[in-house]
Amino acid sequence: MEGGRRTTLVVSYADLALLALALPSFLLAGWPLLGYAVGAGAWLSQRGIQIAASRRVTRAERRGDRRAALGILAGATLARVWLIALAVLLVGLAEREAGLAAALLSAALFTVYLAAQFAVRLFAPREVRS
């Protein structure tokens, strides 16, 4: 694997590295593990939705069906946002501190994910991006 591709791969999964590093932080700080579990579960679920949607978009693009690809992408994006929001809301209603912990974890994960996606698109060679 080339250095550029390896770097792109590592950067594109930075959010998952943060998720793994967050668990010891939660344990050491005494933050609610329910918040971590809900935040992590929702984040991993939305990443699964993203992977499945990305594969469907690629298949639609290969068929030349750009309208379907855009619909899949839009639907998956909305589903991912609602999944995270509802998970944080529901755990917050059950236990306020856990909701705050889940919200902060989700915000940190989203920030790292967004920055990593920006970096990959900006610095990756053209053939790696597609």
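**Helix packing and cores in a predicted model**

Phe 26 is in contact (heavy atoms within 4.5 Å) with Trp 31, Pro 32, Leu 33, Gly 35, Tyr 36, Ala 101 and Leu 105, once its neighbours within four places in sequence are set aside. The structure is a predicted model, in which local features need pLDDT of at least 70 and side-chain atom pairs count only at pLDDT 80 or more, while totals for chains, interfaces and linings use all residues. Residues are numbered from 1 along each chain as its sequence is written, and side-chain values use heavy atoms, with hydrogens and water left out.

The protein chain has six helices and zero strands, helices being DSSP runs of H or I with at least four residues and strands runs of E with at least two, numbered from the N terminus. Along the sequence this reads α-α-α-α-α-α. The C-alpha atoms fill a box of roughly 50 × 35 × 20 Å along the principal axes. Of the 130 residues, 29% count as buried, where buried means under 20% relative accessible area, exposed over 50% and partly exposed in between (1.4 Å probe, protein chains only). Among contacts between residues at least 6 apart in sequence, 67% join residues at least 24 apart.

Phe 26 also belongs to the group with the most contacts inside the largest nonpolar core, together with Leu 19, Tyr 36, Trp 43 and Leu 105. This core has 17 residues; a nonpolar core is a set of buried Ala, Val, Leu, Ile, Met, Phe, Trp, Tyr and Cys residues joined through side-chain atoms within 4.5 Å. Two or more residues each come from α2 (14–29), α3 (33–62), α4 (66–94) and α5 (96–123), and the largest share, six residues, is from α5. A second, separate core of six residues includes Ala 53, Ala 60, Ala 69 and Ala 76.

How do α2 and α5 pack? Their axes lie 9 Å apart at an angle of about 150 degrees, the axes being lines fitted to C-alpha atoms over the stretch in contact, with angles from 0 to 180 degrees between N-to-C directions. The two helices are therefore roughly antiparallel, a label for angles over 145 degrees. The crossing of α2 with α5 is right-handed, meaning that the near helix is turned clockwise from the far one by less than a right angle. On the α2 side the meeting residues are Ala 14, Asp 15, Leu 18, Leu 19, Ala 22 and Phe 26, and on the α5 side Ala 101, Leu 105, Ala 108, Leu 109, Val 112, Tyr 113 and Ala 116. By class, 12 of these are nonpolar, none polar and one charged, with Ala, Val, Leu, Ile, Met, Phe, Trp, Tyr, Cys and Pro taken as nonpolar, Asp, Glu, Lys and Arg as charged, and the others, Gly among them, as polar.

Turning to α3, its axis comes within 7 Å of that of α5, and the two cross at roughly 35 degrees, again in a right-handed crossing. Residues making this contact include Trp 43, Arg 47 and Gln 50 of α3 and Leu 105, Ser 106 and Tyr 113 of α5. The contact has 11 nonpolar, four polar and one charged residues.

Two further residues deserve a look. Gln 50 counts as buried because its relative accessibility is 19%, and Gln 50 touches Arg 80 and Tyr 113, not counting residues up to four places away in sequence. Ser 12, in helix α1 (residues 3–12), is likewise buried, at 16% relative accessibility. Leaving aside neighbours within four places, Ser 12 is in contact with Arg 47, Gln 117 and Val 120. Ser 12 and Ala 119 are 107 residues apart in sequence and 8.5 Å apart in space, C-alpha to C-alpha.

Methods:
Parallel < 35°, antiparallel > 145°, perpendicular 65-115°, else oblique.
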